[in-house]
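Work through the exercises below with the coordinates open, and try each task before reading its solution.

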Amino acid sequence: MGELIQPQKTAEVLQKYKFTFQKKYGQNFLIDSHVMHKIITAAAITKEEFILEIGPGIGTMTQFLCEHARFVTAVEIDQNLIPILHETLSCYPNVNIVNADILKTDIRKLAEEKNNGQPIKVVANLPYYITTPIIMGLFESHVPLTSVTVMVQKEVADRMKAGPGTKDYGALSLAVQYYANPVIAANVPPNCFMPRPKVGSAVICLECHKEPPVQVKDEKLMFDLIRASFNQRRKTLVNGLNNFPNIPLAKEQIQDCITSLGMPCSIRGEMLTLEQFALLTDAVFDRLHG
């Protein structure tokens, strides 16, 4: 099926329901079938799988997901889209439409109910203003996940994938790479959407690690250190950590932790790998706990 992907069909549906785009929800509907197939391919969906779709819009991608997966739960925040979804997905028995805010949804409970607590796949065309909270919310709540395949702003995809010493490297790069392996599946120009966004987009597949790539004594402390390191990007790592209230160590102690790992005191946070942040966390942890 999937005829909604045609621009004229999307326009017809929106007109029929007198739908108006809500700026606060950052709505841009995909109207390009090549991109749609790239998303489905990147997510590697099989007939055995349960899919959580975030922000289905009018159900364009949901139709494709229903055809490829065992069951789909589509969570949509805009109640004006719910009657449209009930119509466009009426011939699919394997979909459940939920009118809710994904940031307030108990996804772990959803995985229990719909997938016997087994890891789920998430697929989404995410509103750009809320991309990071949604992705980090999924990871930090430790919901059982296989992968998260999302359409995001191109700039954000580049940041997720970036490595040490590059301009795009930051707290988001490290957080995403701690939980997953990011692979950019497609770059998507603005003309693939209705209405056109002002920026380019990208499809990125985050293949979740079964075990984190680094072991660390205190995960929360590591992310505090990472945030502190990039909070004032131009500062040295010593000064960044020294200015951060969650790290109650004297400047000399922080310097000792850094030099004990064979790094110079003048190093900046943007030069450290995830492994180095993990080692630094353990050094700081040991200092804090005597």
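**Exercise 1: a lysine and its surroundings**

K161 is partly exposed, its relative accessible area being 45%, where buried means under 20% relative accessible area, exposed over 50% and partly exposed in between, with a 1.4 Å probe and protein chains only. The model is a predicted one, in which local features need pLDDT of at least 70 and side-chain atom pairs count only at pLDDT 80 or more, while totals for chains, interfaces and linings use all residues. Residues are numbered from 1 along each chain as its sequence is written, and side-chain values use heavy atoms, with hydrogens and water left out.

Solution. Finally, compare sequence with space: I204 is 43 residues from K161 in sequence, yet their C-alpha atoms are 9.1 Å apart.

**Exercise 2: a strand residue**

Task: decide whether T73 is buried or exposed, and list its contacts outside four places in sequence.

Solution. T73 sits in strand β3. The relative accessibility of T73 is 0%, so T73 counts as buried. Setting aside neighbours within four places, T73 is in contact with F50, I51, L52 and E53, and also with N96, V98, L110 and K114.

**Exercise 3: an enclosed helix**

Task: explain why α3 is described as largely enclosed by the rest of the structure.

Solution. First identify the buried residues of α3, which are T60, M61, T62, Q63, F64, L65 and C66. Seven of the nine residues in α3 are therefore buried, which means that the helix is largely enclosed by the rest of the structure.

**Exercise 4: the chain as a whole**

Task: what share of the residues is buried, and how many helices and strands are there?

Solution. Of the 290 residues in the protein chain, 51% are buried. The chain holds twelve helices and nine strands. For contacts with a separation of 6 or more, 67% join residues 24 or more positions apart. Along the principal axes, the C-alpha atoms fill a box of roughly 65 × 40 × 30 Å.

Note on methods
Helix = DSSP H or I, 4+ residues; strand = E, 2+ residues; numbered from the N terminus. Contact = heavy atoms within 4.5 Å.
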